[in-house]
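Colleague: I would like to learn how to read the features of a protein model. Could we go through one together?

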Amino acid sequence: MAGADSVEKLEDVIVRSAEQIAGQIRTAKEAISTVIFGQDRVIENTLVTILSGGHALLIGVPGLAKTKLVETLGITLGLDTKRIQFTPDLMPSDILGAEVLDESSTGKRSFRFIAGPVFAQLLMADEINRASPRTQSALLQAMQEQHITVAGARHDLPKPFHVLATQNPLEQEGTYPLPEAQLDRFLMEIDVDYPDREAERRILFETTGAEETLAKAAMNAELLLSAQRLVRRLPVGDSVVDAILSLVRAARPNPEGEKLIAWGPGPRASQALMLAVRARALLDGRLAPSIDDVLDLAEPVLKHRMALTFTARAEGRTIPDVIKQLKTRIA
């Protein structure tokens with residue numbers, strides 16, 4: 001009986017924590033929406049990524065408030081935010097930091113580490129594909145390992161640590177496409193589309209007047225870390241787990257079916273989807289995810305982890321089209 005009571009008490013604690021944190025997260029989402037208009041899906045998926053403890057790749061043409069979104073997220077979530085504009089001549093030390101030689105008043109010399117902009121809780125990597133592969137790989141270790149190594153010494157990054165990277169889908173001349181290994185480190189690829197007419201009308205009035213709406217803090221880093229821990233404790237039903245496994249495994253090359261997929265997602269995609277559906281449930285104030293969460297998050301979690309065969313591309317098939325076809329099997 002004592003064991004059953006302790007389990008019941010633990011469930012009560014999780015329920016109370018979930019209700020409290022979900023309310024604060026919704027407040028943060030509403031605060032972001034007062035500054036960023038017409039991008040509700042982008043805001044939601046970005047918050048889901050951060051609640052899952054991951055990184056996101058924002059894809060969109062210039063002028064769609066990607067930089068403004070990251071800045072607003074930093075203020076609203078109470079995170080230390082920094083921005084790096086990636087260029088072809090950007091060196092790893094420009095991101096990570098470097099050791100400099102100091103000389104004291106007594107003439108003693110020693111090396112001192114000067115931290116780079118990667119030491120932030122929320123890092124915006126603007127046009128990440130414009131940097132050389134060497135610089136991209138320096139950021140990759142930080143994203144995956146949560147620490148960097150300079151001159152053989154390890155330096156831990158602050159917690160939480162999230163990278164929101166942007167790419168311009170139009171101008172690809174002189175860029176270095178991200179390798180598959182680095183793309184896989186992004187929990188989601190989020191497409192930032194044009195706002196609808198009413199949202200753009202609101203943008204005109206809200207941003208060109210004498211006063212502009214400013215973001216307000218709604219959370220802090222400690223609360224965000226608590227929310228991330230809670231996400232990992234939310235229960236997931238067997239039907240949702242089976243849907244995740246079926247979808248991710250169907251997105252791999254399948255000799256028995258249509259030969260559309262050249263290579264597909266690995267187990268990291270299953271992990272990402274498992275965390276994302278929990279985070280989405282918490283964001284909606286629910287204590288457990290549903291199959292609808294799996295279907296809604298399938299595309300942003302899977303599409304940057306797949307490639308189509310030449311035959312599929314020649315037939316005009318696209319990755320979103322193939323994912324939509326795969327989702328019909330578990331709907």
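Colleague: Leaving aside its neighbours within four places in sequence, which residues is Q228 in contact with?

Modeller: This is a predicted model, so what follows describes a prediction. Q228 is in contact with I50, L51, G53, P160 and H162, once neighbours within four places in sequence are set aside. Q228 itself belongs to helix α8, which runs over residues 221-231.

Colleague: Is Q228 buried or exposed?

Modeller: The cut-off for buried is under 20% relative accessible area. Q228 has 13%, so Q228 counts as buried.

Colleague: One of those contacts was P160. Where is P160 found, and what is the peptide bond from K159 to P160?

Modeller: Start with the general idea: most peptide bonds are trans. In this model the bond from K159 to P160 is cis, and its omega is near -5°. P160 sits in the loop between β7 (153-156) and β8.

Colleague: Now a whole helix. What span should α5 have, and how far apart are its end C-alpha atoms?

Modeller: Helix α5 covers residues 133-145, which is 13 residues. At 1.5 Å a residue it should span 18 Å, and its end C-alpha atoms are 18 Å apart, so the two values agree.

Colleague: Which residues of α5 are buried?

Modeller: They are T135, Q136, A138, L139, A142 and M143. Looking down the axis of α5, these buried residues fall within an arc of 155°, so they line one face of the helix. The general idea is that an α-helix has 3.6 residues a turn, so residues three or four places apart point the same way.

Colleague: What covers the buried residues of α5?

Modeller: The cover includes two helices, α4 (92-96) and α6 (180-183). It also includes the strands β5 (122-126), β6 (147-150) and β8 (162-167).

Colleague: Which value does phi of A65 have, and where is A65?

Modeller: Phi of A65 is near 70°, again a positive value in a residue other than glycine. A65 is placed in the loop between β1 (56-59) and α3. Its relative accessible area is 32%, so A65 is partly exposed.

Colleague: How should I read I75 in helix α3?

Modeller: Helix α3 runs over residues 66-77 and holds I75. I75 is partly exposed, with a relative accessible area of 39%. Apart from neighbours within four places in sequence, I75 is in contact with A215, K216 and A217.

Colleague: How many cavities of 30 Å³ or more does a search of the whole structure find?

Modeller: The search finds one. The largest cavity holds about 30 Å³ of space. Its lining is made of I36, Q39, V42, L64, A65, K66, L69 and V192. By class, that lining has six nonpolar, one polar and one charged residues.

Colleague: How much space lies in the largest pocket?

Modeller: About 600 Å³. The largest pocket is lined by 25 residues, and the closest to its centre are S52, G53, G54, R232 and L275. By class, the lining has nine nonpolar, nine polar and seven charged residues.

Colleague: Which helices each supply at least two residues of that lining?

Modeller: They are α5, α8 and α10 (267-283). The largest share, four residues, comes from α10.

Colleague: How many residues of α10 are buried?

Modeller: In α10, 13 of the 17 residues are buried, so the helix is largely enclosed by the rest of the structure. The span check works here as well: α10 should span 24 Å, and its end C-alpha atoms are 24 Å apart, which agrees. Just after α10, G285 takes a positive phi of about 80°.

Note on methods: Residues numbered from 1 in each chain as written. Predicted model: local features only at pLDDT ≥ 70, side-chain atom pairs only at ≥ 80, totals over all residues. Heavy atoms only, no water. Expected span 1.5 Å × (residues − 1). Buried < 20%, exposed > 50% of the residue type's maximum accessible area, 1.4 Å probe, protein only. Arc of directions from axis to C-beta. Contact = heavy atoms within 4.5 Å. 1 Å grid on protein atoms, 1.4 Å probe; cavity = no way out; pocket = protein on both sides within 12 Å on 5 of 7 lines; lining within 4 Å. Points joined across faces, edges and corners; volume = space filled by probe spheres on them. Nonpolar A, V, L, I, M, F, W, Y, C, P; charged D, E, K, R; others polar.
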